Amino acid sequence: MIGLIRKRKLGIALMCSDWRLHQGRVDLNWKIARALKVRGVDVVAVPGPDGLLAPARETEWRSAVRQIAVLAKAHDSVALAVVAHQRCAGHPVSDDEHEIGVAAAAKALKEALKFAGPVAAMVATYRSESNWGLKKIADF
Ligand SMILES: [Zn+2]
């Protein structure tokens, strides 16, 4: 409805399962929410999400897309993010390759869902096990 004020604008992050990103003091959910300009983000977690476009992971990719579609419908999500991270065991590539991979995954996610809102590609940057930055790579 035009003019309706959304009280609970939410986003969804497809991010890594790695426990280090999900510690309370890392507060990555809040950092992602702030970057997406939403109140909070639902999380779909898989090991190495920026590697999901590899042919060997097609089943995982389709599963993640399905889960995101369910959440997007349920919460009327306004923005999505694919969040890779440095030093990822689930997709052990260089920092540069994480940036390339996460951009490709974000673009593919937007297309797979025909999502109308922005889909951001981000990388959580390593400072220490309990301190991660968040770098925006691209918006689709
Ligand atoms: Zn990881």
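Student: Why is R87 called partly exposed?

Tutor: Happy to go through it; keep in mind that this is a predicted model. R87 has 14 C-beta neighbours inside 10 Å. A residue is exposed at 12 or fewer and buried at 20 or more, so R87 counts as partly exposed.

Student: Where does R87 lie, and what is its phi?

Tutor: R87 is found in the loop between β3 (79-85) and α3 (95-113). Its phi is positive, about 60°, although R87 is not a glycine.

Student: What makes K114 buried or exposed?

Tutor: The count again. K114 has 7 other C-beta atoms within 10 Å, and the cut-off for exposed is 12 or fewer, so K114 is exposed. K114 sits in the loop between α3 and β4 (119-128), and it too is a residue other than glycine with a positive phi, near 50°.

Student: Now to the helices. How do you describe the way α2 and α3 cross?

Tutor: Two packed helices are described by the angle between their axes and the distance between the axes. For α2 (residues 58-75) and α3, the axes come within 11 Å and cross at roughly 60°. The crossing is right-handed.

Student: Which residues make that contact?

Tutor: From α2 come V65, I68, A69 and A72, and from α3 come L109, A112 and L113.

How values were computed:
Residues numbered from 1 in each chain as written. Predicted model: local features only at pLDDT ≥ 70, side-chain atom pairs only at ≥ 80, totals over all residues. Helix = DSSP H or I, 4+ residues; strand = E, 2+ residues; numbered from the N terminus. Axes fitted to C-alpha atoms, helices over the stretch in contact; angles between N-to-C directions. Left-handed = near helix turned anticlockwise from the far one by under 90°. Contact = placed C-beta atoms within 7 Å.
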